[in-house]
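Trainee: I have a model open and want to learn how to read it. Can you take me through the main features?
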Amino acid sequence: MEIGIIFKIAAVGVLVSILSQILKHSGRDEHAFLVSLSGLLLVLTWIIPYIVSLFEYMKALFD
Amino acid sequence: LEIIKIMALAVIAVLICVYLKNTGSPFHLYISLSVCVLIMLMVALKLSSVIESISKFTDYLKYSGEYADILLKTVIITYVTSFTSDICKDSGYNSIANQVELFGKITIIILSIPVIFELLDMTVIQSFGCENTKFETEYTEIKFTEINQKYNASKIKFNNSTENIFVLEFEILETASLEDEIDINAYDYSEIDAQLENTGIQNLTFKEIITQLINGEFLFWEYCKSIIQNRLSSLNTYKTTFVNILLLAVFSGIFNALASQGSRLGYDTSRIIIMINLVVILSKLFTNSLRVCSEAIESILSIYQALMPVFMTAVAVITGSVTYAAYYQVILIGISLVNMLFLSAAVPLIRADYCIAVVNRLSSPERFGKLVKFIEDGVKWTCRIIIIAFTGMGCVKGIMAPMSDSFKRKLFYKSAKIIPGLGDSLDVISSAVYGSGIIIKNGIGIGGIILIIMMIGAPLIHIAVNFLLLKLTSAILQPMADKSFVQLIDDIAGIIGLLLLLVSVTGLLFIILTGLICVFTNSY
């Protein structure tokens, strides 16, 4: 089962939020932004295949 | 134990989401999204097995192949729509969610448009006969002109036959034989036999029936048995209809449960599609019964028109021209009354009633219930009134007309008695001739009654079986099916009951009329 993805996302989320907090406090706002952006992209690369497969499955159900 | 997995997944996801939401990062949205996708994937997996079993199921259902397809699509669309719009709402974008729902609704409506057209085809065009109305009015006109022609033709026949009667009488007097056969042969049955063959009763002639009747050999039960056996052989079609409706009810249960999840619209659509499916089955049953009913009425009318000249000649032999004319008028009025009231008014009215009943049950709050009931009551009351009118006509004419006739008759015999050398023997012979004349007249009359019973037997059984079938189905389905589903079946059963009433009343009318004429012309 792909339940692991939830934990992965959660881990990424926690890490990104901690990192961006630290970076913001040390005054590197642009780095904080980059970190959160990369986290977002990482999560999206995991999620999007699932969404695609879901909609393909639905499409198959229609036929 | 997938269910526990899913539950655990959902709970864990919610816990993580709550934590992430508090830290202020946008990642809780991704988590909820991915959980939704995961669960939806599981649902889709399950759904595919459901769809497989349903498609197996639809193989048993005769008429619902395309409908099941549309229904499945509706279900999937409602699921996808609600999934997407929920995610949008979670992210706080209500307007996008609304647009998604709107699009889903429109897609469902577009999907169900062909079904709605099918419904129109089934009920309005087929039942009202939009394309056929012209044809039908022409048809009834033809019927009326036909009757008029027959009337004129038999008028001529009457003039001929009054001459014939006296020739016949003297022939009988001359031969003075008490054998009935001669007398039976004196009438022309060819037209009745032609009608008989038209309506599908072969290898049986009217003369046979009468001879058998007069000789007391008529095996009525044999004929009835053959008719019933004929009908029972088509029992299989009834069975398939019955099973179809039952399966459809089960089907509707499954689909209503599936579709009610998504939205109100999905539920309504699935309900209406199931109902339309039912309407398709029912309207096959209904149009079949309607056709059988009108054919039965028409065949009774035509057989009566063919029988009338013979019967009336027999009556004329016994009574005389005045009574003949009176009864002729009565029967003619009767035939055109039945033709006008039943074939041209009641049958189209019942068709309209059927359509209204269908629309009534399709609209979710009942709208035309009173109208349906009103038309039903109207037809029932018309039947009652017509029975009373017929009995009245038969009786009154029977009492009024014979006076002058019997007087003439007695005069004829008294004057005949005066002839020297013939007087006494003529008395004996004339009473004998009268006796046999009455027997033959009654034989023809009862033969006509039996013919009507035979003609009416098959359609009556057919419609009655349809009626009972629907009643039984609605009774069985009441605990498990949708309320409007059961009520629609019940309504249509009531309307088919009206057809049953029409056919039996038509038969009864002519049986009463013939019986009355037989009884009232016996006392000469």
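This is a predicted model: local features need pLDDT of at least 70, side-chain atom pairs count only at pLDDT 80 or more; totals for chains, interfaces and linings use all residues.

Trainee: How many helices and strands are in chain A?
Mentor: Helices (H or I, at least four residues) and strands (E, at least two) are DSSP runs, numbered from the N terminus. Chain A has 2 helices and 0 strands.

Trainee: What share of chain A is buried?
Mentor: Buried means under 20% relative accessible area, exposed over 50%, and partly exposed in between (1.4 Å probe, protein chains only). In chain A, 32% of the 63 residues are buried. Its accessible surface (Shrake-Rupley method, 1.4 Å probe; for residues, only the protein chains shown count as cover) is about 4000 Å². Carbon and sulfur atoms hold 70% of that surface.

Trainee: Which residue does Asp491(B) pair with?
Mentor: Arg361(B), with the closest N and O atoms 2.8 Å apart. Asp491(B) lies in helix H16 (residues 483-520) and Arg361(B) in helix H12 (residues 321-362), both of chain B, so the bridge ties together parts 130 residues apart in sequence. Asp491(B) counts as buried because its relative accessibility is 17%. Arg361(B) is buried too, at 10%.

Trainee: Where do Lys89(B) and Glu101(B) lie?
Mentor: Their side chains meet in a salt bridge (3.5 Å, N to O). Lys89(B) is in helix H3 (residues 65-90) and Glu101(B) in helix H4 of chain B, so this pair links parts 12 residues apart in sequence. Lys89(B) is partly exposed at 37%, and Glu101(B) is partly exposed at 27%.

Trainee: How many residues apart are Arg291(B) and Glu295(B)?
Mentor: They are 4 residues apart in helix H11 of chain B, so about one helical turn separates them. Arg291(B) is partly exposed at 44%, as is Glu295(B) at 42%.

Trainee: What does the side chain of Ser299(B) reach?
Mentor: The backbone oxygen of Ala296(B), at 2.9 Å. Ser299(B) sits in helix H11 (residues 264-318) of chain B. At 10% relative accessibility, Ser299(B) is buried.

Trainee: Which residues form the nonpolar patch?
Mentor: Patches are made of residues with over 30% relative accessible area and no salt bridge; like charges are joined within 9 Å, nonpolar side chains (Val, Leu, Ile, Met, Phe, Trp, Tyr) within 5 Å. Here Ile109(B), Ile113(B), Ile116(B), Phe117(B) and Leu120(B) form one on the surface, with about 440 Å² of accessible area together. Leu120(B) is in helix H4 (residues 94-128) and is partly exposed at 38%.

Trainee: Which residues gather in a patch of positive charge?
Mentor: Lys and Arg count as positive and Asp and Glu as negative; His and the chain ends are not counted. Each charge is placed at NZ of Lys, CZ of Arg, CG of Asp or CD of Glu. On the surface, Lys370(B), Lys373(B), Lys380(B) and Arg384(B) gather in such a patch. Arg384(B) is found in helix H13 (residues 369-400) of chain B and is partly exposed at 44%.

Notes
Residues are numbered from 1 along each chain as its sequence is written. Chains are lettered from A and ligands numbered from 1 in the order in which they are written. Side-chain values use heavy atoms; hydrogens and water are left out. A salt bridge is a side-chain nitrogen of Lys or Arg within 4 Å of a carboxyl oxygen of Asp or Glu. A polar contact is a pair of N or O atoms within 3.5 Å; within protein, one must be able to donate a hydrogen and the other to accept it, and residues adjacent in sequence count only if both atoms are side-chain atoms.
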